[in-house]
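Please consult the sequence and the model shown below alongside the text.

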Amino acid sequence: MWQVIGQDKILALLDYSLKSGDIAHAYLLLGPQHVGKKTLAISFAQALNCDGQGVPCGQCASCRRIWEGKHSDVISIGPGVRKAISIDDIRELQHLANLPPYESKHRVFIIDGAEYLSVEAANALLKILEDPPPKLTWLLLASDDQYLLPTVGSRCQRLELRPLPREQMRRFLIESRQVEWSKADLLSRLSQGCLGWALSALDGDEWLEQRRQMVSKLSSLLDISFAERFDYAQARAAELEKKHEPAVELVNAWFGWWRDLLLTKMDGMDSIANIDYQDLLRAQASVLSLGEIKEFIDKLYKMQQGLVSNANLRLMFEWLMVNMPRKEVIT
Ligand SMILES: [Zn+2]
């Protein structure tokens with residue numbers, strides 16, 4: 001049984017490949033953060049090495065070792081705190097690729113965050129993909145392929161993971177995780193279809209308080225002075241300088257807020273994520289023009305790109321603060 005919710009087309013394709021034995025040397029798994037790329041990669045590695053019935057069975061020794069990250073032939077690397085995957089990382093994998101497998105039928109090397117491959121690393125990987133060792137599959141995971149060397153992407157079979165429809169996610173949370181309806185509804189909206197995010201939010205309720213503080217801060221930025229905005233920018237940059245993932249989360253939350261403002265402006269309130277802040281969204285949307293909202297969303301896109309290319313965090317935050325419209329909001 002696949003440990004993956006949704007993604008039916010991809011699973012059907014992988015099932016067919018497993019049955020026919022037609023496994024690609026490399027796959028590129030694309031989709032937003034927390035959509036389930038890593039879970040799919042691990043499940044596929046299990047399926048390629050499963051000794052049980054109904055692959056991946058999740059129960060056999062091989063499946064369990066892979067799930068626990070203890071299998072010596074399923075190797076996963078990522079950008080880590082350096083926010084980069086270097087040529088040395090790829091050379092190490094290349095060295096391992098040339099050795100015979102320790103214990104498996106089919107080795108799997110996972111590169112989580114392939115958009116962080118340096119140009120040299122991507123070129124080294126390209127050479128390996130051009131002359132692939134047998135019984136080894138590379139799984140490249142990326143949120144966006146625009147930062148990936150096109151020649152690397154073209155060597156991989158492309159699998160695009162889709163966010164779960166809201167209704168499906170809500171049903172899963174209620175039926176499989178016994179979450180009450182209103183919380184399941186809020187989580188399915190805030191997660192934007194990314195189940196991994198919703199599940200991590202279920203681990204405790206601190207996220208509710210953290211989110212309340214974050215929304216109250218983000219929403220107050222609209223009508224505070226530029227001096228206060230710069231204080232905010234400096235504080236966030238200092239706090240998040242070496243913490244890439246929280247920085248991405250913050251920008252995503254910002255995105256969610258401004259997307260909601262856009263939807264509110266366009267009478268699409270049914271689709272908003274922050275369903276419990278409808279009054280504040282209405283008040284803010286009423287003092288902003290459609291053009292101002294779209295322009296700032298465009299700036300947030302640039303901020304996201306800047307995070308991937310390791311631009312200076314403080315400068316990016318300050319640039320956003322300058323470019324955010326200043327409005328007095330009456331609530
Ligand atoms: Zn198994």
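## Domains

The protein chain is divided into domain 1 (8–160), domain 2 (165–203) and domain 3 (205–323), with bounds from an automatic or database domain assignment. Residues are numbered from 1 along each chain as its sequence is written. The model is predicted: local features need pLDDT of at least 70 and side-chain atom pairs count only at pLDDT 80 or more, while totals for chains, interfaces and linings use all residues.

Over C-alpha atoms, the centres of domain 2 and domain 3 are 23 Å apart. Five residues from domain 2 and five residues from domain 3 form the contact, where two residues are in contact if their C-beta atoms, placed from the backbone, lie within 7 Å. On the domain 2 side, helix α8 (residues 181–190) gives the most, with three residues. Helices (H or I, at least four residues) and strands (E, at least two) are DSSP runs, numbered from the N terminus.

Strand β4 (residues 136–142) has seven of its seven residues buried; a residue is buried if 20 or more other C-beta atoms lie within 10 Å of its own, exposed if 12 or fewer, and partly exposed in between, with C-beta atoms placed from the backbone. In a regular strand the side chains alternate between the two faces of the sheet. One side of β4 carries Leu136, Trp138, Leu140 and Ala142, the other Thr137, Leu139 and Leu141, and both are covered.

β4 pairs in the parallel sense with strand β1 (residues 26–30) over five bridges and with strand β3 (residues 107–112) over six bridges; pairing requires that DSSP finds at least two bridges between two strands. Tyr27 stands opposite Leu139, and Phe109 stands opposite Trp138.

Beyond four places in sequence, the contacts of Leu141 include Leu29, Ala41, Ile110 and Asp112.

## Backbone geometry

Most residues other than glycine have a negative phi, and most peptide bonds are trans. The peptide bond from Val55 to Pro56 is cis, with omega near -10 degrees; Pro56 lies in the loop between α2 (37–49) and α3 (61–67).

Gln7, in the segment before α1 (8–20), has a positive phi of about 55 degrees. Gln7 is buried, with 24 other C-beta atoms within 10 Å. Gln178, in the loop between α7 (166–177) and α8, has phi near 50 degrees. Gln178 counts as exposed because it has 8 C-beta neighbours inside 10 Å.
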